[in-house]
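The following exercises are to be worked with the sequence and the three-dimensional structure at hand. Each task is followed by a solution in steps.

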Amino acid sequence: MNRHTTLTMTTLAFLCLGIALLPSDALGQQKTLKELIVGTWILESVYDQTADGVKHNPWGDGVKGQAIYTSDGHFSWMIMSANRPKADTFPGTPVGKAIAYWGTYTINEEAKTITDKIERCTFPQWDGDGGTVSIAFPTDDEYHFTVINPIHDPTMGAFRPHLIFKRAK
């Protein structure tokens, strides 16, 4: 084999190896929103934004939360404020700001939304209810959840909750 043929064969071998080892995203096989959402998410921040653009901190500093989505369409959420007072009450009586709920969900890939159906909630008015919210994934490990239709509050006026989660490690 002459030098030119050897160089050509070596170049082709490396080219084929490079194509075979490309990450899936490079080949246009991005994950769907349904694939991205599955897993456990830790709440990083939450705020309510009024129509005038002002951000409010309804849960106080140090809020903690978690959302879990399964591949078969079930979810659960828990959010609790920090510095909740200790109390000598029955554990079934929440102390301080806290909400937890679970149910089922569906994803609309085109609209980039998630629709949930709440089975049970610590806020009984939400039992059997649900809604559709906007979702975004700036990265595979960051999840943004934004309520589409403003919620009316008698003191604050209309607002939209915004929640940002990071994937649990």
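The exercises below concern a predicted model, and they proceed from the whole chain to single residues.

**Exercise 1. The chain as a whole**

Task: Describe the secondary structure of the protein chain and state how much of the chain is buried.

Solution: 
- Step 1. The protein chain contains 2 helices and 10 strands.
- Step 2. Read from the N terminus, the order of elements is α-α-β-β-β-β-β-β-β-β-β-β.
- Step 3. The chain has 169 residues, and 26% of these count as buried; the cut-off for this class is a relative accessible area under 20%.
- Step 4. The accessible surface amounts to about 11300 Å², with 58% belonging to carbon and sulfur atoms.
- Step 5. For contacts between residues at least 6 apart in sequence, 46% join residues at least 24 apart.

**Exercise 2. The partners of strand E10**

Task: Determine which strands are joined to E10 by bridges, and in which direction they run.

Solution: 
- Step 1. Begin with E1, which is joined to E10 by 9 bridges in an antiparallel arrangement. Within this pairing, Val46 stands opposite Leu163 of E10.
- Step 2. Continue with E8: 5 bridges join this strand to E10, and the two run antiparallel. Here His144 has Ile164 of E10 as its bridge partner.
- Step 3. Turn to strand E9, residues 151-153, which is antiparallel to E10 and joined to that strand by 3 bridges. Asp153 stands opposite Gly157 in E10.

**Exercise 3. The largest pocket**

Task: Characterise the largest pocket by its volume, its lining residues and the strands that supply them.

Solution: 
- Step 1. The volume of the largest pocket is about 810 Å³.
- Step 2. Its lining consists of 28 residues; those nearest the centre are Ile99, Tyr101, Trp126, Ile151 and Pro161.
- Step 3. Sorted by class, the lining comprises 20 nonpolar, 5 polar and 3 charged residues.
- Step 4. Strands that each supply at least two lining residues include E1 (39-50), E5 (98-108), E6 (113-121) and E10 (157-167).
- Step 5. The greatest contribution to the lining comes from E7, with 4 residues.

**Exercise 4. Ile151**

Solution: 
- Step 1. The class covers values between the limits of 20% and 50%.
- Step 2. Leaving aside residues up to four places away in sequence, Ile151 touches Gly157, Ala158, Phe159 and Pro161.
- Step 3. Pro161 is 10 residues from Ile151 in sequence, and their C-alpha atoms are 8.3 Å apart.

**Exercise 5. Thr113**

Task: Decide whether Thr113 is buried or exposed, and identify the residues that Thr113 touches.

Solution: 
- Step 1. Thr113 is located in strand E6.
- Step 2. Thr113 counts as buried because its relative accessibility is 9%, and the cut-off is under 20%.
- Step 3. With residues up to four places away in sequence set aside, Thr113 touches Thr106, Ile107, Asn108, Thr132, Val133, Ser134, Ile135 and Ile148.

Definitions and conventions. Residues are numbered from 1 along each chain as its sequence is written. This is a predicted model: local features need pLDDT of at least 70, side-chain atom pairs count only at pLDDT 80 or more; totals for chains, interfaces and linings use all residues. Side-chain values use heavy atoms; hydrogens and water are left out. On a 1 Å grid over the protein atoms alone, a cavity is a set of points where a 1.4 Å probe fits but cannot get out, and a pocket is an open set with protein on both sides within 12 Å along at least five of seven lines; lining residues have an atom within 4 Å of a point. Grid points are joined across faces, edges and corners, and a volume is the space filled by probe spheres set on the points. Ala, Val, Leu, Ile, Met, Phe, Trp, Tyr, Cys and Pro count as nonpolar, Asp, Glu, Lys and Arg as charged, and the others, Gly among them, as polar. Two strands pair if DSSP finds at least two bridges between them. Buried means under 20% relative accessible area, exposed over 50%, partly exposed in between (1.4 Å probe, protein chains only). Contact means heavy atoms within 4.5 Å. Accessible areas come from the Shrake-Rupley method with a 1.4 Å probe; for residues, only the protein chains shown count as cover.
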